[in-house]
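My entries follow, in the order in which I looked.

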Amino acid sequence: MVRSPLNPVLSAKDVPFDASLVFNAGVCKWQGEYVMLFRNDYGSTESQWREAASRGLPFPGLSTNLGIARSRDGVRWTVGPKPVLELHDDEILRVYDPRLTVVEGRVVLCFAMDTRHGLRGGVATTEDFEHFEIRSLSVPDDRNMAVFPEKIGGRYVRLERPMPVYSRYGKTEAFDIWLSESPDLRFWGESRLVIGAESVPYATTKIGPAAPPIRTPKGWLATFHAVRVVDRELASWEGSWHKEYCAGLMLLDLDDPSKVIGLSREPILPPVESYETSGFRGNVIFPGGMILEDSGEVKIYYGAADTVECLATADVGELIAMCEPM
Ligand code: BMA
């Protein structure tokens, strides 16, 4: 993968409203331009966090909304004047980590939602990025949903990451990638395991779906994040942080995407650049958008260090070749 020389392609300084951490975006092509919905954590600054950490004080809170950015080339972005989505009430704490897919001529937004009674995964639709119709919300705990860009076998399909805490052989956070189908984006079922975290050589704990998959002649190309717990302290404004997130890649069967037919044995994007290794949470690479261009170039958008949004590109044939048969 080749990182963009313009990285980070979006950060808080590009945002014309209160913004501290701009990351974990979803991206799609819509009506002749690239559209990005990004996560914006706001309300406190790096220096406030560092000060609290150094004095052992409680951390100042962050709130979250989703902003929109538009681009003609997928590289240079202009941010809209105000946030496009923020949900907060007695039960809902916040909405975050958007993923965007164009399916059958409309935009599907998947998001994570923190509530007082657990983490929920949501699916919504929009045509104008101003009005969002929520189609479904999972029971807790489930998130990292990403919808495929076509119906398969007549049904919508999504990848997702439930968070089972029992029967995991004593491991905490051994979370896996699952798949569900829906006739209408509202009712989801036929749920089945896609891949367990133990099958990914560069994960020691959890994995989760990343960008919505793209179709290739060899299979659905799908990114995921893979987490490794490390002994050393990683650079973090938050204090103690030991989880390293990298991007992995797999190839799924075109007719039954719950079958993994190829897997990259190495991460395709490990955190190495300074904007990936230090920030709010250092050593975090969290992809959420992937675009296949007519030229065969694949653009992968990823949150880096939970602080900024970045772009890396590769040739689709080379990415497919990285997925070794299962
Ligand atoms: C996950 C989510 C992501 C975040 C990542 C690294 O559990 O909260 O939004 O990017 O942790 O902090």
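I began with Asp 306, where a polar side-chain atom lies 2.6 Å from an oxygen atom of the ligand; I use polar contact for a pair of N or O atoms within 3.5 Å, and within protein one must be able to donate a hydrogen and the other to accept it, while residues adjacent in sequence count only if both atoms are side-chain atoms. For Arg 281, I found an N or O atom of the side chain 2.7 Å from an oxygen atom of the ligand, and for Arg 39 a polar side-chain atom at 2.8 Å from a ligand oxygen.

I noted that this is a predicted model, in which local features need pLDDT of at least 70 and side-chain atom pairs count only at pLDDT 80 or more, whereas totals for chains, interfaces and linings use all residues. Residues are numbered from 1 along each chain as its sequence is written, and side-chain values use heavy atoms, with hydrogens and water left out.

Next I turned to the cysteines and asked how many disulfides there are, a disulfide being a pair of cysteine sulfur atoms within 2.5 Å. The count comes to 0. Cys 28 is in no disulfide, and the nearest cysteine sulfur, that of Cys 110, is 12 Å away. I also looked up Cys 246, whose sulfur is too far for a bond because the closest cysteine sulfur, in Cys 323, is 14 Å from it. Cys 28 is buried (under 20% relative accessible area, with exposed over 50% and partly exposed in between, using a 1.4 Å probe and protein chains only), at 3% relative accessibility, and Cys 246 is buried at 5%.
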